[in-house]
Amino acid sequence: MKKLTLALLVAMGTLSTSFPLLASASVEPETSVDNYQYSDAELDSLLAPIALYPDTLLTHIMIAATYPLDVVAADRWRQSNLHLTPEQVEQALDPVTWDPSVKALAAFTDILHTMAEDLNWLQQLGDNVLISEARVLDRVQLLRQHALNTGNLQSNDYLEVEREIEQERSVIVIAPRHRDVVYVPYYDPLIVFGLWSHAIAPVHWHHRVSYRHRGNFFWAPQVRLSSFFYFGGIRWSNRHVVIHREPVRHYYRGTPNKRVYSKGYQRWQHNADHRRARYSNRVVHSAPKRYSANRSVKVRSNERGNTRVINAKSSRHTQTSVSQNNHRNIQHNNQLKGQTSRNVNVANKPLKTPRTVTPRNSTTTRTVTTTKTVKRESNKASGQKYQQGASTHVKRAQTRDTRTASNRSSMSQQRATRNVDRSTSRERSVSRERSVSRQSNVNRNRSGQSKSHSQK
């Protein structure tokens, strides 16, 4: 009995240890769910080259990133007008329909060109701004705090750095030293921010060799701007971008953080109708509903340049619907052209019975009177026409041949008569010469005989 109980206990223990292994083997592995949010490492890498820019310039870059087509168009225009000063650029772009932030960046040639060249960076930054402005501004403050802790972010001749506490949170505000002049800093993120803790390397914007070096920064030449440049700002307490309702006509000399609390500022709203480009899947799945809801998009027709308004659920659907509509229009035009050419051909053919077709939607059957016999008759008629044409060509060739033969015979006769006339004239001249020579001889003989008689 003891042996049996021991065997049963051993068997029970082995089964209990094997069951969890079997259960774990039968469970399917968890499927990875796509995360449409950018990670902190990706976002910090995107913000690294612009996190230490003045707040107003950073605001314009964030807003302009949501309108990539305007950025590309502005860069192309600026590259072809490099001789213009920032004041002339502002006057030239006043009537242009680009976003105001894009027009504000046109004076910064290097920044605009870098944004237009790196389209991946431009799209990713725009996606993050559309998904969550608060998260983007939080990461900007975190990067500024790192630069402040390393001692690289300080007030100098180019920038003013202010640190305040709002709603129990530390806020670092950066503004130009002189309001009418802006200096753009270039730096190496691995040096300025200290130890980089992310596995993704930060984006590094390279500078020109001629830029002035001071500390760990390279400063671009000054860009002198009017007060209209300062229509954007950041409300750091609420972590969102604000813009001024009316153009700013005077420079603000106070604290830059306080100027956005005035009544003239309102929260910036992205204009989905002005974007004219497809949103990425991350924006459609993660952003508010206004980027994926039904909206009207102005689309320019490819044929005559007329604009049409098309309702679509998302920008992807707008592109597909636009392409389908264009394709349908092209097919419709081709069909119309084909019908007109067919009608002309049918009118020219000697058909006895016209072709009548009933509409498709009618209940009566469609009657088509054109049959193979009609085609044969048309072919016969075309063959007869071809034979008639060939016969006319033959007759014309025969008449040409007869004309040439008659002309040749007449010419030969003329030549023969000319030859006869020439021969007769030659004979006459020869006979005349002979008669003259004979007469001369006779006269000589007579003169000789007379001389001889006189001598005798």
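Okay, let's start with a term: a salt bridge here is a side-chain nitrogen of Lys or Arg within 4 Å of a carboxyl oxygen of Asp or Glu. By that rule, this chain comes out with 13 salt bridges.

Before I show you one, some ground rules. What we have is a predicted model, where local features need pLDDT of at least 70 and side-chain atom pairs count only at pLDDT 80 or more, while totals for chains, interfaces and linings use all residues. Residues are numbered from 1 along each chain as its sequence is written, and side-chain values use heavy atoms, with hydrogens and water left out.

So how confident is the predictor? pLDDT is its confidence in each residue, from 0 to 100. The mean for the chain is 76, with 67% of residues at 70 or more. Over residues 14-34 the value is below 50, and beyond near neighbours in sequence that stretch has zero contacts in the model; a contact means heavy atoms within 4.5 Å. Residues 293-323 are also below 50, but that stretch has 51 contacts beyond its near neighbours in sequence.

Asp70 pairs with Arg276, and the closest N and O atoms are 2.9 Å apart. Asp70 is in helix 4 and Arg276 is in the loop between helix 11 (272-275) and helix 12 (281-286), so the pair links parts of the chain 206 residues apart. Helices are DSSP runs of H or I, at least four residues, numbered from the N terminus.

Staying with helix 4 (residues 68-79): which way does it meet helix 7 (residues 109-117)? Their axes come within 9 Å and cross at roughly 130 degrees. Axes are lines fitted to C-alpha atoms over the stretch in contact, and angles run from 0 to 180 degrees between N-to-C directions. That makes the two helices oblique, since under 35 degrees counts as roughly parallel, over 145 as roughly antiparallel, 65 to 115 as roughly perpendicular and the rest as oblique.

Asn128, Val129 and Ile131 in helix 8 meet Glu133, Arg135 and Val136 in helix 9.

Helix 9 also packs with helix 3 (residues 55-64), at about 140 degrees and with the axes 13 Å apart. Those two are therefore oblique to each other as well. Here Asp55, Leu58 and Met62 in helix 3 meet Val136, Leu137, Val140 and Arg144 in helix 9. Val136, then, turns up in the contact with helix 8 and in the one with helix 3. That's my tour, thanks.

How values were computed:
pLDDT = per-residue confidence, 0-100.
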